[in-house]
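Subject: Structure handover

Hello,

Here is the structure for you to look at. Please open it first, then read my notes below.

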Amino acid sequence: MDTTAKETIAQKVRDGRQAKGYTQQELSNLTGISLRSIQRIESADVLPRAYTVKVLSEQLNFIWDFAQAEEGSSQESSHNPAKEPTFIALPTRLNYAQKIILTFSSGIILLLLAAAFLAQSARFPETEFELFLFIAGMLGIYTMVLLRIWK
């Protein structure tokens with residue numbers, strides 16, 4: 001990667017940090033990256049390692065396309081704007097209202113699917129134990145969905 005990549009990363013990190021309202025020290029504390037490293041990245045003195053960019057991008061909500069950036073650096077003689085590294089905005093976390101909506105809608109969908117399964121099967125469940133296992137399985141699936149939503 002060339003100087004353009006350093007400057008692009010520096011700008012994205014600086015803009016992302018300022019947009020979130022973090023100081024360099026706060027970003028350092030949140031990511032575990034040293035304050036000096038963040039200062040050097042933001043001033044485009046160094047090209048950070050892939051892991052460092054990954055940690056920063058997760059904290060500041062952007063994606064760095066390494067494959068495209070490496071292709072662009074291997075063709076240093078010809079400048080091709082289509083090969084420039086790209087940043088993609090990540091969606092923000094779900095807010096409380098969205099989580100509530102997902103919780104209830106996923107429960108209703110799971111309930112409807114379970115009812116459809118039971119309605120189409122004339123002989124299921126044959127025993128109370130099978131019914132218990134079916135209900136336990138549905139509750140397990142719903143619990144997994146809720147953990148994914150609310151984590």
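A salt bridge here is a side-chain nitrogen of Lys or Arg within 4 Å of a carboxyl oxygen of Asp or Glu. By that rule, Glu58 pairs with Lys54, with the closest N and O atoms 3.0 Å apart.

Before more detail, the ground rules. This is a predicted model: local features need pLDDT of at least 70, side-chain atom pairs count only at pLDDT 80 or more, and totals for chains, interfaces and linings use all residues. Residues are numbered from 1 along each chain as its sequence is written, and side-chain values use heavy atoms, with hydrogens and water left out.

**Overall layout**

The chain has seven helices and two strands. Helices (H or I, at least four residues) and strands (E, at least two) are DSSP runs, numbered from the N terminus. Their order from the N terminus is α-α-α-α-β-α-β-α-α. The chain has 151 residues, and 23% of them count as buried. Buried means under 20% relative accessible area, exposed means over 50%, and partly exposed is in between (1.4 Å probe, protein chains only). The accessible surface of the chain is about 10400 Å², and carbon and sulfur atoms hold 59% of that. These areas come from the Shrake-Rupley method with a 1.4 Å probe; for residues, only the protein chains shown count as cover. Take the contacts in the chain with a separation of 6 or more: residues 24 or more positions apart account for 60% of them. Contact means heavy atoms within 4.5 Å.

**Salt bridges**

The structure holds two salt bridges. Side chains of opposite charge can pair when their charged atoms come close.

Back to Glu58 and Lys54. Both sit in helix H4, four residues apart, so about one helical turn separates them. Glu58 is partly exposed, because its relative accessibility is 47%. Lys54 is also partly exposed, at 43%.

**The core**

The largest nonpolar core has 13 residues. Such a core is a set of buried Ala, Val, Leu, Ile, Met, Phe, Trp, Tyr and Cys residues joined through side-chain atoms within 4.5 Å. Ile9, Val13, Leu27 and Leu56 touch the most other members. Two or more residues each come from helix H1 (3-20), helix H3 (35-42), helix H4 (50-60) and strand E1 (62-64). H4 gives the largest share, four residues.

Which residues of H4 are buried? They are Thr52, Val53, Val55, Leu56, Ser57 and Leu60.

Leu27 is worth a click. Leaving aside neighbours within four places in sequence, Leu27 is in contact with Val13, Arg17, Tyr22, Ile38, Leu56, Gln59 and Leu60.

**Backbone points to check**

Most residues other than glycine have a negative phi, and most peptide bonds are trans.

- Ala44, in the loop between H3 and H4, has a positive phi near 60°. Ala44 is partly exposed, at 22% relative accessibility.
- Asn61, in the loop between H4 and E1, also has a positive phi near 60°. Asn61 is partly exposed, with a relative accessible area of 23%.
- The peptide bond from Phe124 to Pro125 is cis, with omega near -5°. Pro125 lies in the loop between H6 and helix H7 (128-150).

An unreviewed UniProt entry lists residues 100-119 and 131-150 as "transmembrane region". UniProt positions follow the numbering used here, feature names are shortened, and annotations may be inferred rather than shown by experiment. In the model, residues 100-119 are 100% helix and 0% strand, with end C-alpha atoms 28 Å apart. Residues 131-150 are likewise 100% helix and 0% strand, and their end C-alpha atoms lie 28 Å apart.

Phe104, Ile108 and Leu112 make a nonpolar surface patch of about 340 Å². Patches are made of residues with over 30% relative accessible area and no salt bridge: like charges are joined within 9 Å, nonpolar side chains (Val, Leu, Ile, Met, Phe, Trp, Tyr) within 5 Å. Phe104 is in helix H6 (residues 96-120). Phe104 counts as exposed, at 55% relative accessibility.

Best wishes
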